[in-house]
Amino acid sequence: MNNTSVSLLNTNALNPITTQSWSNGRHVVRCVKVIQETWDVKTFCFMAEQPVMFFFKPGQFVTLELEIKGEQVFRSYTISSSPSVPYSFSITVKRAPGGLVSNWLHDNMIEGYELAVHGPVGQFNCIDFPAEKVLMLSGGVGITPLMSMMRWYFDTNSAVDVEFIHSARSPKDIIYHRELEHIFSRIPEFKMHIVCEQSDKLGEAWAGFRGYLTKQMLELMAPDFMEREVYCCGPTPYMNAVKHLLEQNGFDMKHYHEESFGATPVDVQEDVEEFAELAQEEADAIQASDLLRVDFASTGKSVQIIPGETVHAAASKLGLHIPKACGMGICGTCKVMKISGEVEMSHNGGITDEDVAEGYILSCCSVPQGDVVVEY
Ligand SMILES: Cc1cc2nc3c(=O)[nH]c(=O)nc-3n(C[C@H](O)[C@H](O)[C@H](O)COP(=O)(O)OP(=O)(O)OC[C@H]3O[C@@H](n4cnc5c(N)ncnc54)[C@H](O)[C@@H]3O)c2cc1C
Ligand code: FES
């Protein structure tokens with residue numbers, strides 16, 4: 001099927017009355033558009049083969065299921081579009097130097113490509129914390145969830161007073177620059193401030209704020225920041241600096257919300273042998289009676305682990321590849337059923353109370369407290 005026929009087929013099939021809406025789960029979607037946002041950032045737009053209204057809470061994310069070089073891989077990406085434009089949804093991806101999935105998407109994801117996505121999920125959203133005054137702080141590609149929220153506020157004529165502060169490396173790195181200018185030029189209650197770390201070496205000069213975000217800049221841009229609901233997303237050092245700045249000022253952190261894009265997931269498949277050797281050395285070094293046993297009932301495999309290791313790490317030692325994306329209890333990709341035993345699960349909203357009550361755990365952030373049996 002060529003690209004033109006993909007778009008026409010979808011457009012002709014749209015019917016706002018009969019179209020189904022999606023809910024959290026696995027969905028097969030097709031890439032319908034690719035937009036080059038900046039030199040190293042692209043937006044990918046997706047639709048379902050049978051039209052679906054993609055309703056979600058602005059700020060939430062999906063997890064992509066891909067097959068790259070014969071391996072199944074999962075990565076989470078924030079939905080950068082708004083549910084106010086529900087027939088398609090988009091993600092915006094920055095190339096991570098040496099990164100597997102982001103570069104693969106940039107080089108291979110074209111119109112017509114079909115893939116599965118899981119979601120939408122996520123607690124970082126602007127629906128669950130309604131506020132009249134909002135401060136949005138983003139760094140680099142961390143702008144994606146905030147852009148979804150801004151598009152939502154704009155399209156739904158929300159009576160929200162927004163101070164939007166975005167930090168970019170240089171003018172050529174400002175994602176959605178033209179659209180931001182459009183949105184912020186039309187609503188007096190929406191105010192945008194862009195901070196560039198540096199000017200372009202050979203190009204655009206930058207007359208606005210320069211350097212890293214400081215308390216002085218924040219006070220100039222949003223003098224009433226202490227009264228606002230704060231949403232923050234960006235690189236870890238950026239978010240740490242923002243948190244530190246707010247805490248030092250006595251900000252009530254109940255009104256602070258952040259999204260982390262996480263650490264590098266370990267490629268478990270490649271590291272199985274190395275893991276096994278290491279595990280043996282570590283196990284030899286401690287008393288046998290201190291080791292914990294993790295059984296995987298469906299595969300009939302079991303392993304001894306050192307206290308403190310996760311259920312996911314236990315599986316990796318056996319070469320069992322439990323799907324994993326964020327590695328920090330956000331996305332829910334690594335969910336497994338616990339049959340018996342106790343674990344300490346320190347998740348970040350990636351599992352519901354209902355799932356926990358049924359016995360599910362997130363293997364990436366569940367640490368056995370004794371012998372444990374898992375259905376895998
Ligand atoms: C909830 C959530 C939302 C997200 N939203 C977005 C979004 O909107 N846009 C976006 O661009 N990203 C987003 N991310 C991040 C995204 O999921 C990926 O982590 C990111 O694209 C990098 O993936 P990758 O496969 O390209 O890189 P990976 O292969 O995972 O590698 C990441 C980095 O680590 C390095 N690396 C990999 N393996 C090793 C190793 N063994 N030793 C040393 N270094 C190594 C790589 O060189 C690379 O720089 C989000 C993440 C989460 C959890
Ligand atoms: S991998 Fe995301 S919750 Fe475990």
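1. Cys-232 has Glu-258, in strand S14, as its bridge partner. This pairing belongs to a predicted model, in which local features need pLDDT of at least 70, side-chain atom pairs count only at pLDDT 80 or more, and totals for chains, interfaces and linings use all residues. Residues are numbered from 1 along each chain as its sequence is written, and side-chain values use heavy atoms, with hydrogens and water left out.

2. Strand S13 (residues 229-233) and strand S14 (residues 256-259) are paired in the parallel sense over four bridges; two strands count as paired if DSSP finds at least two bridges between them. From S13 the chain passes through helix H6 (residues 236-248) to S14, in a β-α-β crossover that is right-handed. Right-handed means that, with the strands pointing away from the viewer, the path from the first strand over the helix to the second runs clockwise.

3. In total, the protein has nine helices and 21 strands. These elements are DSSP runs numbered from the N terminus, helices being H or I of at least four residues and strands E of at least two. Of the 376 residues, 48% count as buried, a term for under 20% relative accessible area, whereas exposed stands for over 50% and partly exposed for values in between (1.4 Å probe, protein chains only).

4. Strand S17 (residues 335-340) pairs with S19 in the antiparallel sense over three bridges, and Met-337 stands opposite Tyr-360 in S19. Lys-335 lies over the face of Tyr-360, 4.8 Å from the ring centre; a charge sits over a ring if NZ of Lys or CZ of Arg is within 6 Å of the ring centre and within 35 degrees of the ring normal.

5. Eight aromatic pairs are found in a search of the whole structure. Rings of Phe, Tyr and Trp (its six-membered ring) pair if their centres lie within 6.5 Å; planes under 30 degrees apart count as stacked, over 60 as edge-to-face and the rest as tilted. One of the pairs, Trp-22 with Phe-89, is tilted, at 5.2 Å centre to centre and 35° between the planes. Trp-22 lies in the loop between strand S1 (20-21) and strand S2 (25-38) and Phe-89 in strand S7 (residues 89-94), so the pair ties together parts 67 residues apart in sequence. Both Trp-22 and Phe-89 are buried. Ring pairs link Trp-22, Phe-46, Phe-54 and Phe-89 into a cluster.

6. Phe-124 and Tyr-231 form an edge-to-face pair, 5.8 Å centre to centre with 75° between the planes. Phe-124 is in the loop between strand S8 (114-121) and strand S9 (133-139), and Tyr-231 is in strand S13, 107 residues apart. Phe-124 and Tyr-231 are both buried.

7. The charged end of Arg-151 sits over the ring of Tyr-176, 4.9 Å from its centre.

8. A cis peptide bond joins Gly-119 and Pro-120, with omega about 5°. Pro-120 lies in strand S8.

Terms used:
Chains are lettered from A and ligands numbered from 1 in the order in which they are written.
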